[in-house]
Amino acid sequence: MSRLLIVSNRLPVTVHAEQGDVSVVPSAGGLVTALRGPHERHGGLWLGWPGDLERLTEEQRRDVEERLEQLGAVPVHLTSAEVSRYYDGFSNGVLWPLFHYLVEKLHLDARHDWESYRAVNERFADAIVARYRPGDRVWIHDYQLTLVPAMLRRRIPDARIGFFLHIPFPAAEVFRILPWREQVLRGMLGADVVGFHTTSYRYHFVYSAARVLGLDPELETLAYEGRRVRLGAYPVSIDVDEFVRLARDEEVRAEARRIRERAQGRKIVLGVDRLDYTKGIPRRMLAIERFLEREPELRSKVRFIQLAVPTREKVDAYADFRRVVNELVGRINGSYGTLDDVPIHFLHRSMPMADVVALYLAADVMMVTPLRDGMNLVCKEYVASRIDDTGVLVLSEFAGAAAELIEALQVNPHDIDAVASTIQRALVMSPSEQRVRMQALRRRVVTHDAHRWSHCFLNDLERASGAPPAVGSARRREGAPQLNTIASARSAPSLIVMLDYDGTLVPLAAMPELAQPDEELITELRELAARPRTQVHVVSGRPREDLERWLGELPISLHAEHGFFSRAAPGEPWVALRDAALDWKPKVRERLQGFVDRTAGSFIEEKMVSIAWHYRNADPELASQMAREVPAELDEALREHDLELIPGRKVLEARLRGVNKGVIVPRVLATMGPDAVAIALGDDRTDEDLFAALPPTALTIHVGGGESSAAFQLPDPASARRLLRALVA
Ligand code: ADQ
């Protein structure tokens with residue numbers, strides 16, 4: 001198997017320096033455990049920031065680097081200014097709150113932080129490139145590094161790149177607030193596989209990409225820049241065996257007993273979180289207050305323990321937040337405390353995992369009520385530790401884990417009354433109900449552990465193709481290199497060039513009338529037509545009037561409405577392919593008008609033998625749903641009048657069956673000798689008919705992304721036009 005390069009903001013190690021001694025210790029945690037297996041098995045590397053080593057002596061630093069090397073860890077060093085801008089400023093001051101829907105916490109002006117974010121992402125890409133060997137798989141993690149996949153793709157086009165987002169991907173309505181939304185999406189789309197915790201985050205990503213980048217909203221793979229990017233939901237999890245081991249450990253169990261004894265018969269309700277404003281701690285405290293207020297007889301029968309790990313204390317929003325929590329706890333304990341006890345035991349510190357598991361074992365009720373959480377591992381840790389199938393999990397609907405842990409008591413953490421009642425319900429739940437629920441939760445957590453998570457992701461990455469190698473400016477899907485092919489076309493005795501217009505010679509425009517040719521295009525076509533023994537044909541779905549108005553003066557052949565009308569040279573008449581009945585048009589027009597009425601921004605384009613419904617400018621979510629309804633709505637008319645419904649790029653076109661771009665091919669080929677070489681360029685589904693009708697010797701070129709039967713591919717109209725100029729030069 002190939003090597004795996006894991007890339008994350010932090011390296012999975014902790015560097016300790018005491019007096020002369022430095023030690024580099026692998027850190028614990030589900031993610032590290034999940035990745036350690038693949039990391040060690042495939043002789044891979046882990047790239048990331050080792051933490052601040054600035055205070056170490058020169059000698060200590062060298063020592064650290066050596067030990068990192070032995071662990072397969074590659075340090076990406078950051079200056080303290082970078083940590084403050086890239087990490088605190090942009091990652092945690094902009095992306096973190098926005099992706100957790102906490103818009104009011106966003107930095108107002110983060111331009112400099114963004115610059116630093118980009119520069120640091122570039123540095124990570126440099127570090128990967130320096131270590132990369134052909135065949136390696138690269139797995140990039142989380143919101144601090146969203147730009148790295150595309151940066152790496154640019155430099156190593158055929159690399160196999162995976163990206164996993166550990167936090168939520170917000171709804172498009174929220175994501176679009178980000179001034180750098182386009183860069184972030186394009187950055188992530190540099191990967192072959194983009195992973196999320198849940199299908200709803202994936203859905204949000206797809207519709208953000210549809211809205212911001214105009215991509216076709218497909219849920220499992222997005223066609224992007226000539227590649228297919230696979231999107232998957234891979235719910236992250238924990239190392240279950242480790243929690244079961246700790247839960248069985250005698251010392252841990254003894255500690256759990258001590259915690260219970262100290263509670264003197266009171267039931268224990270536990271919260272364990274980083275002290276982060278996304279975790280919902282203040283609202284949880286208010287719900288506890290409400291519960292105490294409403295249940296006087298239960299006051300002396302429960303103890304709330306909240307363990308909060310210090311986190312990101314240099315970010316302003318966090319310092320303020322800590323004060324808010326302290327004040328709330330103080331107020332509630334002040335109101336409901338007695339000389340013997342206070343209701344809330346608040347511990348602001350980190351603890352060894354064994355002590356956390358002792359708390360899990362001691363707790364009758366576990367409260368995990370984040371306002372938003374990508375997944376949340378604490379709830380899975382609690383479930384994994386409850387080996388005797390007792391205990392009640394209260395879980396926020398807005399944690400990614402809620403999609404999996406259905407049997408928990410799910411709550412809306414914003415609804416303080418509902419959370420207060422759920423605390424009460426959890427405290428009185430019968431042992432049999434606890435067992436039924438906990439067994440179901442445990443089954444799921446045990447089968448979907450962290451190993452399965454990394455295995456599923458890496459499996460998909462293994463299957464992902466990586467970008468096919470680029471040869472020259474066009475890419476051949478199979479066969480010989482393209483530069484030779486162009487040279488051989490140039491030396492052919494005669495040449496037939498067949499060109500689609502929109503999306504091939506000019507970029508797609510918001511409205512059809514905005515796509516008029518620029519002056520250079522006119523010159524390029526004129527020069528191409530002036531080439532000895534060369535015929536140029538523009539084959540478009542447009543009406544005659546547009547082609548006549550824009551290209552009419554040129555000594556080239558024009559074919560309108562997908563070849564139904566043709567005009568051989570300037571001044572000559574347009575000739576129709578055959579007689580055509582048009583009595584179907586009012587009915588189709590009326591039906592499509594219904595879709596225009598319901599889909600703002602969409603419109604009808606009516607031609608002689610076809611009617612098209614364009615939805616490029618409409619809301620992509622609505623438009624794609626409407627587009628799925630069109631075939632059924634037109635079904636009867638299509639059958640009755642022998643029409644076809646042809647899907648194009650954000651357009652559906654009803655036209656007479658058998659009229660397609662392929663019909664002109666026999667006529668055109670007949671006018672040239674058998675040794676003529678045909679070149680055809682097109683971007684759209686309708687150009688596939690042209691490609692299919694051409695002999696196998698023809699040079700067919702698909703412009704843009706997506707599937708095509710063409711032999712070659714070019715990324716965009718600009719590169720298509722470079723190719724035309726190369727034919728002339
Ligand atoms: P986090 O926001 O850090 O992770 P979470 O998934 O709950 O959130 O993990 C927290 C970890 O810290 C748990 O392993 C927990 O046991 C530990 N922990 C909490 N309090 C502690 C304490 N006082 N002492 C010691 N350890 C403590 C981000 C996303 C999550 C996503 C993970 C993994 O925000 O949504 O689940 O990444 O993808």
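Select strands β7 (residues 160-164) and β8 (residues 193-196): three bridges join them, and the two run parallel. Strands here are DSSP runs of E with at least two residues, helices are runs of H or I with at least four, and both are numbered from the N terminus; two strands pair if DSSP finds at least two bridges between them. Within this pair, glycine 162 has valine 193 of β8 as its bridge partner.

The model is predicted, so local features need pLDDT of at least 70 and side-chain atom pairs pLDDT 80 or more, while totals for chains, interfaces and linings use all residues. Residues are numbered from 1 along each chain as its sequence is written, and side-chain values use heavy atoms, without hydrogens and water.

Next, display the whole open sheet, whose eight strands follow the order β5-β4-β1-β6-β7-β8-β10-β9 with mixed pairing. Strands β5 (73-75) and β9 (221-224) are at the edges; each has a single partner strand, so one side of each lacks a neighbour in the sheet.

Contact means heavy atoms within 4.5 Å; angles run from 0 to 180 degrees between N-to-C directions, with axes fitted to C-alpha atoms, for helices over the stretch in contact. Then select helix α8 (residues 199-213), which packs on the sheet and touches β8, β9 and β10 (227-233). The direction of α8 makes about 145° with that of β10.
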